[in-house]
Amino acid sequence: MLALLRAHQLIALLLFLIFPLQITAQGFSNIYHRGWTTRDGVPDSMWGLTQTTDGFLWIASDTGLYRFDGIHFLRYSASVHKLVSDQVVSVYGASNGDLWVGYQFGGASRIRSGVVTNFPREGALRGTVLGFAETPDHTIWVGTASGLFRMEHDVPVAPTPAAQYHVAPAFQLRVDRDGTLWVGSDKHSMQCLMSGKETFEQLPEDFGFNSVFRDNQNFWWSSGSSVRYLDRSSDGKWAVAQSKLGNKVSAMAMDRNGDMWWGTEQDGLFITPSSFLSDPKKLTSASAASFTRADGLTRNSVQGLFADREGGMWVRTQKGLDYFRRSRFTNIPFPAAVPNAVMANLHDGSMLFGSSGGNDDAVYRFHGGELSVDPHLRGAVTTAYYDTPGSIWIGYDAKVVHWLNGQSTTFLLPPDSRGIKRDVQAIRYDHAGRLWVAANGEPPFLLEGSHWSQPPSLIEKRFTAPLSILAARDGSMWFGFPNRLMILSQGKVYRFDEQSGLHTGSVAAMFERGDHIWIVGSQGVQFVRGGRLHDLHLQATEDPSGASGVYETSKGALWINSRAGAITLAADQVTRLLQHPERPADYRILDALDNFPGAPTVIRPLPSLVADDNERLYFAARDSVAWIDPEQSEPESRPPGIKIDQMTVDGRLMDTTGIIKTIQKPSSISFAFSVGTLLFPERTKVRYKLEGFESGWHETETTREALYSQLPAGNFTFVVEAVNGQGIHSTTPAMVSFVVPPTFFQSIWFRGLCVVAGLLMVRLLYYARVHYLLEKAEQRHALQREERARIARDLHDTFFPSVHGIFLQVQATTRSITAPETARHSLEKLLDESDDVMEAGRRLIFELRSPIDEDNALEKRLTACGEELSREYGIAFNVLAEGQSISLQLTIAQEIFIILQEAMRNAFRHSKASAIHLVIAHDPAELRLELSDNGRGIPVDILHAGSADGHWGLPGMRERAAAINAKFTLQSETDSGTRISLEIPARIAYQR
C-alpha cells in the first residue's frame, strides 16, 4: 500500500483551485524566497500541507504530524487523546478551524480546540485516508483507498447509488471556486459533483494526469509527459488541447494574478505568465521563469504546491520545504552586478541606469519592464541628469558629456595639477539656464556655453567638494557638503553647519515638495520649512541614519533610502510632522524580508532614490537596483493565532486545555507557545504575563518560552497575546489557568507557629539586649579605670615633679639664709614658680574635669590654646576647618587635644617660626589634623633619634597616637619648617 500511495502521490490528480497569490508576471524578480531542510527541522517524507484558520501550517509525514509557525517546526503531541498513528499521509484545515488528519493504514482524526477525536480504522475508513475536502454546505468529504465518504454526525457515509458515483479509490479531492467537488482515482479517471447538484459526472476515462488546476475559465492538467488544456463546450462535451511543455510536470497551481506555477520531477519550479494560458500552444518552457536548486530551491524534485491564506506559495520538494511570496520590491534583472548604480528618469517612460564600477561598462534603459542596452552610452558613469526631452548630461571622471537627440558633446573639466581622480558628483541647471557641476575635490563649477568658472563665494577650503545640488523653485541653488549646507540666493551665500542646526552629517540628497525641502545624510533626516531646520523624529528607536535618497510622493507620503531599509511615512504622518516637528512620527520600514536590495552608498553616485513619471520608486544598493510602487497595497494579513504548546511543571508535561489544574508545591513552571502567522513571522511581537503573580507584560519578538519559579499559593492564569508585522492583533489571547494550593508552610497553622516563635524571639532579643547593656556598662567602668590611671600618670609626670622641685628649692633657700637680701630674692622667685606650678595644676584639673563633650569643642580648645601661645611668643597662628563638623568620641578627642597641645607648645617654643598653621579636616572616611610652621625645622640628629636627650614629648605623642589607632606623621627639613599630621579612621574618631 505504501508503494501504491507514493506512486499515486507523484502521478495522481492534484485538483487545486489556488487561493489568490499576488505575483506579477515578472518571474521571480519580485518574489521573496526562503527554504528549510531536515537540518532546520523539516520532517522526512512529507505527504501534504494545509493551513488552519489560526494561521499555522500543518505537515503530514511518515514520522508524524507537524506544525510550523514560520520559525519553528513542532511535532504535534496531543495532551488528552493520542493520534491514531504517526504515519500521517493527509491533512486538511476546515473553515470552522478543525484540522482533519488521515493515516496510511486507515483511520482519521479531527483536532478541534486542542481536543482530538479519533475515527477508527475499521469500517469505512479501513483503507489509506488519502485526502479531505469541504463543499460550500460545510460537508467534509473523505477520500480513501477504498472509496469516497462524507461525514454525517461524525460518521463516514458513502454516496448512495442515486449519486451515480463510480466506486473507485479517491486519491485526490479538491473543491474549486465554484464549489464543484473533483475526485481523482487510480484508473486515470475523474469525477465531479457540481455545486448544487446531487449526482456525480464521469469525465473521459483516458485522461492521464498527475496534477489539475482551474484558471478563470478552464482546467489544466498534466499527465507527467505533457500538459493539457480542458474546456467544456456549451453542449456539455469536454474538449482537450495539447501544450508543448516537455518537462515532466509533477504539480500545478494558479496564483492570484492568473499566473501558472508548475513544478517538475527533476528541473525545479516554474512560473508562466497568465498571458500565455489563453492559448495552450504558447505554453512552453521558454515562456516560463525558472527557479532551481542553483537559485536556492531545496531540491529540483517538486512534489507538491500549497497556497496559504496570506497568499504565500509553499513548495514540497524531495528534501525540504520552500516558501515564496510576492514582495514589495522588484529587482531590476541586470545581467551582472551594477556597483555604484547611477539612476536618471528620462521622462519618456523609461529609466537610465549606469555604473561607475564593475566589469560591465554598459548603460541600460528600463522601459515597460524590459531592460535593454543603450546603443550610445558606455563607460564608468558617475552621475546622470535629464535636461529636456532628448537632452541628457552624463558625468564621468573629469568630464561631462551632453547627449542631444543622439549627438554628443564632451566638456572636459579645467585641468588640475594635483593628479587626483575627479569624478563628477552632481549636475543641475539653475533657473538662469546655467549648468552647475560638482566634482570630487573641487568647488562647484559653472558652465556657461563652453566656459568653466568657479564662483569665488563658494570656494572655501573646509568644504570644497559638494555631494549634492538642488535647484529650488525660488531660484536659489542648494549645495550639500560633508557636514555643511550652502545656499546661493540672489548673489548671497548662506551657510549652515552643526552649530547652526544642521544635524544630517554629510548632505547626500535633497528633495523639494511644496513649501519644504527634505535633507538626508549620513547622520539623519531634516527638513527646511519657513527658513528653519527641523529634525525628523521617529517613534520607537529606529535610526534613519546612513540615508542618501529621499522622495515625497504627490500624495504626501515620504520615502527614505537608508542603511536600515526603506523608511516610509504615510501622508497623514507627514502632514502632522510638518505642523508639529517636535512630535515623533509613526513609520514603516521595509527591509530584506520585503526584498529591499540593501544599504545604499552615501558618497557617490547620488541620490540613491529616484522616481519615474508614474512615481515608481527606484532604490539603489551597492551593487543592485530594485523598484517599488508606493501605491501598492500591503500583503493581505489576518489576525495571528496563538497556541500554548506545553506547560511543564518540574519536568512533567501538563494538559494545556481549558481545565483548571491543581499543582502541588511547584518549584518551576514553564510555558512554550507559538504564534500562527506565516507572513513576516520574524516581525511578530508577543507579550505574556502570569495573572495573579504579576501585573506587567513581558514583550518579546523571538522568544517563545516563559519560566516561573517558586510561585506562592494562589490562582494563576498564563496569558499570551500577539501582534503581527502589519500591526494586526490576535483576536483572542491564549491562556491556561491553574491553582497552587498552600503548603504546610503557607497554612494558617504554620502562621500561628510563626507568631509563637516570633514572641519567643522577642523575649530572647530582650535578654540579649539586657546582656549587651551590661557589657557596655562594664566597658564604661573599664574606661573609667583607664582614665584614672592616665590621670595618675599625668600627675606623676607633670604636677608632682614640679612640686618636688619647689620643695628642693625651699630647702636650698632655707640653708642659704645667711644674707637677708639674697634670701629675699630667692624666696620671691620661689613664690613665682609656685604660682606657675599651681596654675599648671589648675589647668590639668580643669582638663580632667571638663571633657570635650560639645560640638566643635576640640576646635575651640585647640584654637584657644594656640591663641594663648601666640600672644605669649608673638608668633602668628591660624586655624582652618575643612568639611562639615562631625561629633567625636570623647576619649579620642581628649587624646587628640593632648597630642596637638604638646605639638603646638614645641612649635611656639623651639621653631623660631613667623607663622604656625593648624588644619582640622572632617572627612567621612577619616579625621585629619595637620600642624605646620615655617621655622628652622628639627635638627637631623633628633629626627633620626626620635627625640632629644632627656625629652619625651615626641615619644609621648607617638604613644598616644598609637593608643587610639591614629597615624602619626612627622616631616621636617632644615630652614623649611615642620609638619605634624594625625589621621584617625572614621570608625574610631566619630560617634556612631
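Q: What makes Asp-975 stand out in the hairpin of β70 and β71?
A: In this predicted model, Asp-975 takes a positive phi near 65°. The hairpin in question has three residues between its strands.

Q: How do you know that β70 and β71 pair?
A: Pairing asks for at least two bridges found by DSSP. Strand β70 (residues 967–973) and β71 share seven bridges in the antiparallel sense, so they count as paired. One example to look up: Phe-968 has Leu-982 in β71 as its bridge partner.

Q: Why is β69 also called a partner of β71?
A: The cut-off is again at least two bridges. Strand β69 (residues 926–933) and strand β71 (residues 977–985) have seven, running antiparallel, and therefore they pair. Here Glu-930 is bridged to Ser-981 of β71.

Q: Which residues of helix α8 are called buried, and why?
A: Buried means under 20% relative accessible area. In α8 (residues 953–963), Gly-953, Leu-954, Pro-955, Met-957, Arg-960 and Ala-961 are buried, so each of them falls under that 20% limit. Just after α8 comes Asn-965, with a positive phi of about 60°.

Q: How much of the protein chain counts as buried?
A: With the limit at under 20% relative accessible area, 51% of the 992 residues qualify. The chain still exposes about 47,600 Å², and carbon and sulfur atoms supply 52% of that area.

Q: What share of the contacts with a separation of 6 or more comes from residues 24 or more positions apart?
A: A contact needs heavy atoms within 4.5 Å. Among contacts with a separation of 6 or more, residues 24 or more positions apart account for 54%. The chain holding them has nine helices and 71 strands.

Definitions and conventions
Residues numbered from 1 in each chain as written. Predicted model: local features only at pLDDT ≥ 70, side-chain atom pairs only at ≥ 80, totals over all residues. Heavy atoms only, no water. Helix = DSSP H or I, 4+ residues; strand = E, 2+ residues; numbered from the N terminus. Buried < 20%, exposed > 50% of the residue type's maximum accessible area, 1.4 Å probe, protein only. Areas by Shrake-Rupley, 256 points an atom, 1.4 Å probe, with all protein chains shown as cover.
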